[in-house]
Amino acid sequence: MNNQEIVAKLWNLSNVLRDDGITYHQYVTELTYILFLKMAKETGSEDGIPAEYRWDELRTKSGIDLKHFYRDLLQHLGEDATGRVQEIYAGSSTNIDEPKNLEKIIKSIDGLDWYSAREEGLGNLYEGLLEKNANEKKSGAGQYFTPRVLIDVMVRLIDPQSGELCNDPACGTFGFMIAASEHVRNNTNNLFDLDTDQAEFQIKKAFTGVELVHDTHRLALMNAMLHGIEAPIILGDTLSPDGKNVKGFDVVLTNPPFGTKKGGERATRDDLTFPTSNKQLNFLQHIYRSLKPGGRAAVVLPDNVLFADGDGRRIREDLMDKCNLHTILRLPTGVFYAQGVKTNVLFFERGTTDKGNTKGVWFYDLRTDMPSFGKRTPLTVEHFADFETMYTTEDRAAIDDERLTHFTREEIRAKDDSLDLGLMKVETEVFDFKNFDPAASALEAADLLDEAADLLRSLARDLNTSSEE
C-alpha cells in the first residue's frame, strides 16, 4: 500500500465523524492529535511523551474509558509536556463525542501499512492529508494551502542555499519552508555534504515561520517535525508589533492571506511607513524590509496590489526603490480555491542602498489564453516550463515569447507606478464551430458544477451546525 492509498483511507475516516458535526478542517486537527502518537511510536521518538499517554496505551482503551482517557491525554500533553509535543497539543480539545467513532479511527490507523508509509516518508503522508483537505475547497483550507507545483517552481527559481536564513511570515501549514528544506537537502546529499555545525543549522535555524491561526499552527508544527525541521514556528501575527523582530533573512517565500483587516483597521506595526487596512500591502512592506541586503523573495499577491492607488502606489514605489523588482509572473485563474481570484508572483532582491534599485521589470503572462484550471484540469510543472526557461536565461531580451514583456522604470513611473501590466491583448473572437471541442467544454462545465456542489454541501453543513447550536 503506497502513501496515496493510505491518505485515501485516512480521509475516508472523516465520514465516521459526520454525525458528530465535525468539519473537514476539524477532522485533520483531530487526526493530527492521534497520528502524532502513532508516528512517534513508528519513528522511535516517544521520549517526549509520558509512558502512560503513548500510543500503546491509547489503543487498549474502549468505550467511555477511551473517551475520558483521550480528553485527559490532550489536556496533559497540552499543559504538562515540553518542547514540540507541548506546542502541538497546546490548547487542544476534541469534538468527537461518540466513543465508538474515536475507537474506529484509532483501530483503523493502527491497522494501516506503516512499513510502506515509513519507506515513502511520513512527512509525505502528512502533506498528502493536508493537500486532500485543501482540495475540499469549501472546507476553508484552500486559503492557506498553496499548490505544491507552484511552491516548487518558486523555490527552484529563488534557489535557497545551505547556510541561508529562510522565512515565511504567513506560513500556513509550512509548505514553502518544507520545500525549501528539501531543495537544500537534495543539493547537499541530504545534508551529508555539510559538517556537523552546518547540518545542525539547517535543522534548527534555517527555516522559520509565523502563523496566526492556532489550529493551522499546530498542523505546521507537525508537518515540520515529520520533515526533520526543528526551527521555531511562531504562533502570532506578523502585522502586530511582534512582527518587528521577524527580519534579517536571506530568503522569503510566502503566500500572505488575502483581504483586509477586520473592520478596516490598520496594522498595529509602528515601523511600517505606509500602514493600510490592506493585508497584502502590509505584508509586502514587511517582506522587503525583512530581507538582508542581497536577500531575495518570491511572493504570491493578488492583482489589487499591482494597481491600488494612494498607499498602494507609495508602497510599490518604495519596493522598487529598496529592491530590484525584476520579474512578475501573472498567474492563471483557478489556481487557488476561489475560482475568480487573480494572482501574481513577485520576484525581487533587496538592494545594498534604498534608492533606485529597480531599472525595469519583466512580466510573464501565464494567464491569457490558458486552460480553466480545476479538479479535472490540474496545474502541472509543464505549464511553467517556458517561464522557468525565461527566468534562468541571462539575456531575456533575446527570447522570442509573446508572453514575455519588459517595462523600464521610467515607463512604469509614467503609468503612475501601476504594475498591472504585461497581459497580452486578446482580440474578441467569433465563435469557432469548426474547432469547437465539446469534451474540453464539458470538463470546464463539470468543474463549475463541482464548485457549486461543494458550496451547497458547505452551506448544508453550516445550516445543520447552526440548528444544532
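In which helix is the place of Glu103?

Reply: Glu103 sits in helix H6. A word on the source: this is a predicted model, where local features need pLDDT of at least 70, side-chain atom pairs count only at pLDDT 80 or more, and totals for chains, interfaces and linings use all residues. Residues are numbered from 1 along each chain as its sequence is written, and side-chain values use heavy atoms, with hydrogens and water left out.

Start with Glu103 itself. Glu103 has a relative accessible area of 18% and is therefore buried (buried means under 20% relative accessible area, exposed over 50%, partly exposed in between, with a 1.4 Å probe and protein chains only). Set aside residues up to four places away in sequence, and Glu103 touches Ser62, Gly63 and Leu66 (contact means heavy atoms within 4.5 Å). Lys61 is 42 residues from Glu103 along the chain, yet their C-alpha atoms are separated by 8.0 Å.

Helix H6 covers residues 99–110, and its axis comes within 11 Å of the axis of helix H2, residues 24–42. Helices (H or I, at least four residues) and strands (E, at least two) are DSSP runs, numbered from the N terminus. The axes of H2 and H6 cross at roughly 40°. That angle makes H2 oblique to H6 (under 35 degrees counts as roughly parallel, over 145 as roughly antiparallel, 65 to 115 as roughly perpendicular, and the rest as oblique). Axes are lines fitted to C-alpha atoms, for helices over the stretch in contact, and angles run from 0 to 180 degrees between N-to-C directions.

By class, the contact of H2 with H6 has seven nonpolar residues, two charged and no polar ones. Here Ala, Val, Leu, Ile, Met, Phe, Trp, Tyr, Cys and Pro count as nonpolar, Asp, Glu, Lys and Arg as charged, and the others, Gly among them, as polar.

Another helix pair gives a second example. Helix H13 (residues 279–290) packs with helix H15 (residues 311–322) at an angle of about 15°, and their axes are 10 Å apart. This angle makes H13 roughly parallel to H15. The crossing of H13 and H15 is left-handed. Leu281, Leu284, Gln285, Tyr288 and Arg289 of H13 meet Gly312, Ile315, Asp318, Leu319 and Lys322 of H15. The contact of H13 with H15 divides into five nonpolar, two polar and three charged residues.

Leaving aside neighbours within four places in sequence, Cys323 is in contact with Tyr288, Phe348, Glu349, Arg350, Gly351, Asn357 and Thr358. Cys323 belongs to strand E6, residues 323–330. Cys323 counts as buried, at 0% relative accessibility.

Thr343 is buried, with a relative accessible area of 0%. The contacts of Thr343, apart from neighbours within four places in sequence, include Phe258, Val300, Leu329 and Arg367.

Helix H11 (residues 196–204) shows two faces. Its buried residues are Ala199, Phe201 and Gln202. They cover an arc of only 155° around the axis, which puts them on the same side of H11. Exposed Thr196 and Asp197 are on the face turned away from that buried side. The cover over the buried residues of H11 includes helix H10 (175–187) and strand E2 (207–211).

Phe174, in the loop between strand E1 (166–168) and H10, has a phi of about 80° although it is not a glycine. Phe174 is buried, at 0% relative accessibility. Asn190 is in the loop between H10 and H11, and its phi is about 55°, again without being a glycine. Asn190 counts as partly exposed, at 41%.

Finally, step back. The protein has 18 helices and nine strands. Of its 469 residues, 52% are buried. Among contacts between residues at least 6 apart in sequence, 75% join residues at least 24 apart.

Technical notes:
A crossing is left-handed if the near helix is turned anticlockwise from the far one by less than a right angle, and right-handed if clockwise. The arc is that of the directions from the helix axis to the C-beta atoms.
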